[in-house]
Amino acid sequence: MKRAALCALWGGGVLARVALAALVVQLAGCALPAREQPGALRAEVLARLGPPSATFALASGERLLYSELPAGFEAHALDFDASGRLLRNEQVLTQARFENLPIGAWTRADVERTFGAPLRVERVARFDGDIWTYRFRQNSDLRLAHVHLDRQGMVQKVLFTDELPHLDNARD
């Protein structure tokens, strides 16, 4: 009888309930860049989120960039003032941000400081420079932004395409 009772506890749900409760607690405490609020201290943010994808000096502070690329669709720029307080938290991989890039005025460094490292860097025959590609989500559509940087590293244009799903059996 004791063995049957032990088996019922083990496989009957008690362990499963404990594991589920532990998982819920862990997920509820998940640190996400999007959840960071203005006023948070830099040290606390780093303790919650871990090291950023990139760090950039700003005129009056520092930017920590947390990017989900290459697999994800978001990058959060967390801007801190000189005293280490979070001023702004912005998801930067958006259609609007790419559409408003200052053509002929922004450099490679401006693009990287704003969006982080690209998904990929390419070259094509009809453009003399690099094309930095970023993935993002517009509503539920998967999109790509192609930032064209000339040989001097200046933004010359931005083009958008849809990201098509990779189908293993596609034959076109």
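Me: What makes strand 5 and strand 6 a pair?
Reply: Two strands pair if DSSP finds at least two bridges between them. Strand 5 and strand 6 are joined by 4 bridges and run antiparallel, so they count as a pair. Val121 has Trp132 in strand 6 as its bridge partner, and a hairpin with 2 residues connects the two strands. The model is a predicted one, in which local features need pLDDT of at least 70 and side-chain atom pairs pLDDT 80 or more, while totals for chains, interfaces and linings use all residues. Residues are numbered from 1 along each chain as its sequence is written, and side-chain values use heavy atoms, without hydrogens and water.

Me: How do you know where a strand or a helix begins and ends?
Reply: Both are DSSP runs, numbered from the N terminus: H or I over at least four residues for helices, E over at least two for strands.

Me: Which other strands pair with strand 6 or strand 7?
Reply: Strand 6 and strand 7 pair over 10 bridges in the antiparallel sense, with Asp130 opposite Leu149 in strand 7. They form a hairpin with 2 residues between them, and Asn139 in the turn has a positive phi of about 60°. Strand 7 is joined to strand 8, again antiparallel, by 7 bridges, and His148 stands opposite Lys157 in strand 8.

Me: What makes the sheet 5-6-7-8 an open one, with strand 5 and strand 8 at the edges?
Reply: The 4 strands follow that order with antiparallel pairing. Strand 5 (120-124) and strand 8 each have a single partner strand, so one side of each lacks a neighbour in the sheet. Neighbouring strands are turned by 30° against each other on average, direction ignored; axes are lines fitted to C-alpha atoms, for helices over the stretch in contact, with angles from 0 to 180 degrees between N-to-C directions.

Me: How do you know that helix 5 packs on this sheet?
Reply: Contact means heavy atoms within 4.5 Å, and helix 5 touches strand 6, strand 7 and strand 8. Its direction makes about 15° with that of strand 6.

Me: Which residues of helix 5 are buried, and what puts them on the same side?
Reply: They are Asp110, Val111, Thr114 and Phe115, buried meaning under 20% relative accessible area, exposed over 50% and partly exposed in between (1.4 Å probe, protein chains only). They cover an arc of only 100° around the axis, which puts them on the same side of helix 5; the arc is that of the directions from the helix axis to the C-beta atoms.

Me: Why is the link between Asp79 and Arg63 called a salt bridge?
Reply: The term needs a side-chain nitrogen of Lys or Arg within 4 Å of a carboxyl oxygen of Asp or Glu. The closest N and O atoms of this pair are 2.6 Å apart, so the link qualifies. The pair joins strand 3, which holds Asp79, to strand 2, which holds Arg63, 16 residues apart.

Me: What makes Arg63, Asp79 and Arg88 a network?
Reply: The side chains of Arg88 and Asp79 also meet in a salt bridge, at 3.3 Å from N to O, and the three residues are linked by such bridges.
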